[in-house]
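Trainee: Please take a close look at a single part of this model. Then set that part in its wider context.

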Amino acid sequence: MATDLGAIEAQLNQAFPGAVIDRDGDWLVIEASRLPTVAQYLRDEMGYDWLTHLSASDYPDRFEVVYNLYSSRPDQQGPGIPFKVRVPDKANPHVPSLTSIWKSADFQEREVWDMFGIRFDGHPNLKRILLWEGFAGHPLRKDWHEPYYEQEHKPFPSRWPHAQQPKPRSAEERVRWRANVQYPQGFDPDQWKPVPEIDVLPAAKIDLNGLETDQVYVNIGPQHPSTHGVLRMIVGLNGETVTSIYPVLGHLHRNHEKIGERNLWTGIIPYTDRLDYVCPMYNNFGYVVAVERLMGQEVPERAEYLRVIMGELTRVINHLLAIGFQFNELGAMFTPMIYAFTEREHVLDLFEEASGARMMVNYYRFGGVARDVSDDWLKRCRKVVDRLDRKIDEFDTMLSDNEIFIARARGVGAMSWQEMVNYGVTGPVLRSAGLKYDIRKVEPYSIYDTFDFEVPTFETGDIYDRYRQRMAEARESVKILRQALDRIPARGPIQAGKKPWNPKVPAGELYSRVEHPKGELGFYLVSDGGTNPYRYHVRSPSFVNLGALEAMSVGHLFADAIVILGSIDITLGEVDR
Amino acid sequence: MDWVTDFWIPVIKAIVVVLALLVGGAYMTWGERKLCARFQVRYGPNRAGPFGILQPLADAVKAIFKEEIVPHHVDKAIYLMSPGISFAAVLITFAVIPFGPQIDLLGRQIGLWIGDLQVGLLYLLAIAGLGSYGIVLGGWSSNNKYSLLGALRATAQMISYELPMGLALLSVVVLAGTLNLNRIVDFQGQWPLIVWQPLGFLIFFIAILAESNRSPFDLPETENELISGFMTEYGGIKFALYFIAEYTAMVVNSAIVATLFLGGWKWPAVLSNLHPLAGVALFLAKVLVVLFLYVWVRASCPRVRYDKFMRFCWKFLMPLAWVNLAVTAVIVALI
Amino acid sequence: MLEMAIFSILAVVAVTAGIAVIAQRNVVHSALFLLVHFCCLAGLYILLNAQFLAMTQLIVYAGAVVVLFLFVVMLLGLERARELPDPRRYQWIVGSLLGMLWVAALIWALFPQAAQTAPALTRSDNVRQIGAALLTDFAIPFELTALVLLVAVIGSLVLAKKKLEG
């Protein structure tokens, strides 16, 4: 499934002799100092114009910054070019920034700086993004330990090894307060003052042709009725026109990735539920597919069908919910949102019966799914699918021609797909701007290649097109669901082999992506052959899509900025991780 | 001077009407929640009493017993005064609205209205203009960006929409030939004015939606952008005052619509002649119909964006109201 | 008697509010006292049976003019205005001269023989007469007023437009 890396390596070696210094499995290793020129060449000459994933990992002797390039060109969509840069200087790591080539590098490089302390030379605003300025250390480095650090990774030894003892001793008891907290040298927590935020705000004067007026900064969030969670945005306004948006992220940050590295491969599955809590099934899907690729695991047919059914049900409810919330932001007083929630309830009932939980489903397993479903469940699922089909039409009738909606949505937040690709935007938002790109089609996983469905696209990428895009995609999902329900084998195993509770994953490194309802959900995994991931990174669609918010909103009105945020459809659980 | 006719009867009428308005406003919150719930396929409040009928009471108790918080960056006097201004302006609007015929009570002729003002229609406009002060001052004195933006929007919106509203009222005046609301109701004994002034009715209804900051024109509040707009910094009983002022305003505005366009208590005369109280019942029924319209609109329309909303007023509604007035005037002059 | 009581209350409040308008340092408070003052005047008009005038007073002055004052005050940063030098340094000379003139006029008006006052209104339903008078006997002044307002509207439009283009 990989691209012909050899040919690309040869071409690069011809253009830049000595730039590709090594080949590490499926990854090209590029010399750090020549990274920008090589990247520019890859983008402009070879058509790999899409930097979707950028992260790093910490090895004992070096850092590695990894990049995944893909192409929007119809002939080379599909597998992309994975390459990496080695940074041997662990004391003072530096890598050239790619922000001048890809805007999508902005947030992701900031995240790498935040988590690993790797400086990106030339980054215009290299500040912490998920943690706060003043946080001590870079938590994804292997030598960083959290306050109640116990062991490098699970399975932990028993906290209650001698059962005679009266009570188990928790980590909080065993470790005294402050005894295991790392402070930087000379740091006194009692003297600590927050770093003033004023430096994030640009000069606060607007020159309006000789009329000097004040730039008004309005702070939206983290507690605000319409930021979809705890997102904070500092919005600069000239009158009511947006001049800048500075998202402040991380209010929901829990270092998902460190938790993952401490955890067992299987133990991560329930944690992925909490990423995008609107579509837990698909997060499971993405993670399980990634690990299976690493393991070379096969999945029985019935399980594949169940996965697709769950995944597509998730997609339909996500899109309906996104539309409902969109109207909520437009001030339609909850009515469409509650209609969408009604449909979601029916789907959640199905999830509950299949998995035991409504939201935190924990349903997928390596090589299968957790539980089988009954014939009756399939019958009811078909009913729900028919109902969803009807309800999508009902939404269409009620909302598509609403004049106020059209007046507010047409032309607002529009962006060309070329620009979106530069910002790394994926999913329905990108397709609504006209690029036919769906990972289910271009790099099929599971059994998506056996289904007959279209990838709808629209033209302008404005809010109205995003709405129509979600509607059209929900319809396609219903189509897939119908086919899946028709063809699912009546009986059969749902798990390949024994249920693995603690599998060892062969050593390797890969970036695997799936078409999550919100965009490209990628997992970058490094295994050292043990029972835990050595490095576990989530490339979440919401996080990267959010990077385009400012560019989409500047020049529009304050009211529109909120609606644009809603139309990108983010979930903060996934943004902040 | 006859103290009973000139003083006590008006005072008692005023007290009764104010109490009725308070109850009406409170129950409007309940009614709206119930109706919206039905529009949204849910139940709405149903815990406090049968059908949640005691919900407004529970809300009031909650609001009253909340801690009074006055943020220390506010202009205290104005901050505390503003909800009161809002509420008072709403209550005194009702003073000129006739809600029934003259009745015999204890040997006295009592008209079911508080003041029979010769310029009643102008009074409505005047008080509508005063009503915006509660919101403007509340927003300004809160010393908060959201509040100020809300207050500015409210001011611009209310001043702008007073014009089409006034023009729509002028068409009514041209037809009825009087500014007195009692005369206007009398004029509608045969047919309600909505028959002659369908366009005027629409313009007026849109304008009062905007005047009372109701969806889809609830721009001073716009919870999605401005959190709560001008009332962001208000809590407890002060918030409750704003809140009930808004709902009482809906009731009062509905009463105005019912009086001016739907024939008031009089139309259809067959029914209102049966019994004096039948007139009152007719009036109430019409008010409820308009209130239902209010909620219906709210539950089904997204909000209009601010600039489009102002453009709609000045570039569409105003010219339309002028044309409507001119056509009405020409027809009246010719007949 | 009731009328007398209402009149005294209104008169006292009106005068107090009038003084407060100029005594207040806070511009918003000044504007509010102006509002109170206008409302009292409207009340006095009603006592004089001039209902139409009272309502017009409320609509025009209370409903629009003071709101616009407030609008301007809110949009302009007042904190900044205090830092600027006062451009009206010699205003007090002109002001006191005009004030004296006004007091003189008032004293003159208090003598009953100086001017003939209009007869008190007996009916309050005088909208028709006002309308008729405005459009027949006083048609030219009425139209001239409209013209002045039109000029003002065009002037402000030109000013606003220039700022946007420039």
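Mentor: Gly200(B) has its place in helix H8 (residues 198-211) of chain B; helices (H or I, at least four residues) and strands (E, at least two) are DSSP runs, numbered from the N terminus. The model is predicted, with local features requiring pLDDT of at least 70 and side-chain atom pairs counted only at pLDDT 80 or more, while totals for chains, interfaces and linings use all residues. Residues are numbered from 1 along each chain as its sequence is written, and chains are lettered from A and ligands numbered from 1 in the order in which they are written.

Gly200(B) counts as buried because it has 27 C-beta neighbours inside 10 Å. The classes are set as follows: a residue is buried if 20 or more other C-beta atoms lie within 10 Å of its own, exposed if 12 or fewer, and partly exposed in between, with C-beta atoms placed from the backbone. Once neighbours within four places in sequence are left aside, the contacts of Gly200(B) are Ala168(B), Ser171(B), Val172(B) and Asn324(B); two residues are in contact if their C-beta atoms, placed from the backbone, lie within 7 Å. By comparison of position along the chain, Val74(B) is 126 residues from Gly200(B), and the two C-alpha atoms are separated by 42 Å.

H5(B) is mostly covered, with 24 of its 32 residues buried. The end C-alpha atoms of H5(B) are 46 Å apart, which agrees with the 46 Å that its 32 residues should span at 1.5 Å a residue; the expected span is 1.5 Å times one less than the number of residues. Just after H5(B), Gly177(B) takes a positive phi of about 70°. In the loop between H4 and H5 of chain B lies Asn143(B), which has a positive phi of about 60° although it is not a glycine. With 15 C-beta neighbours inside 10 Å, Asn143(B) counts as partly exposed. Val41(B), in the loop between H1 and helix H2 (55-65) of chain B, likewise is not a glycine but has a positive phi, of about 55°. Val41(B) counts as exposed because it has 11 C-beta neighbours inside 10 Å.

Apart from neighbours within four places in sequence, Val257(B) is in contact with Phe204(B), Phe205(B), Ile208(B), Leu262(B) and Val290(B).

Chain B also touches the other chains. Its contact with chain C brings together 18 residues of chain B and 18 residues of chain C. Chain C itself has seven helices and zero strands, and 14% of its 166 residues count as buried.

The contact between chains B and A takes 24 residues from chain B and 25 residues from chain A. Helix H1 (3-39), helix H9 (223-226), helix H12 (276-300) and helix H13 (306-334) of chain B each supply at least two residues of the chain B side. By class, this side of chain B divides into 10 nonpolar, five polar and nine charged residues.

In chain A, strand E1 (residues 20-24) and strand E2 (residues 27-30) run antiparallel and are joined by four bridges; two strands pair if DSSP finds at least two bridges between them. Val20(A) stands opposite Ile30(A) in E2(A). The hairpin of E1(A) and E2(A) has two residues between the strands, and Gly25(A) takes a positive phi near 65° there.

Methods:
Nonpolar A, V, L, I, M, F, W, Y, C, P; charged D, E, K, R; others polar.
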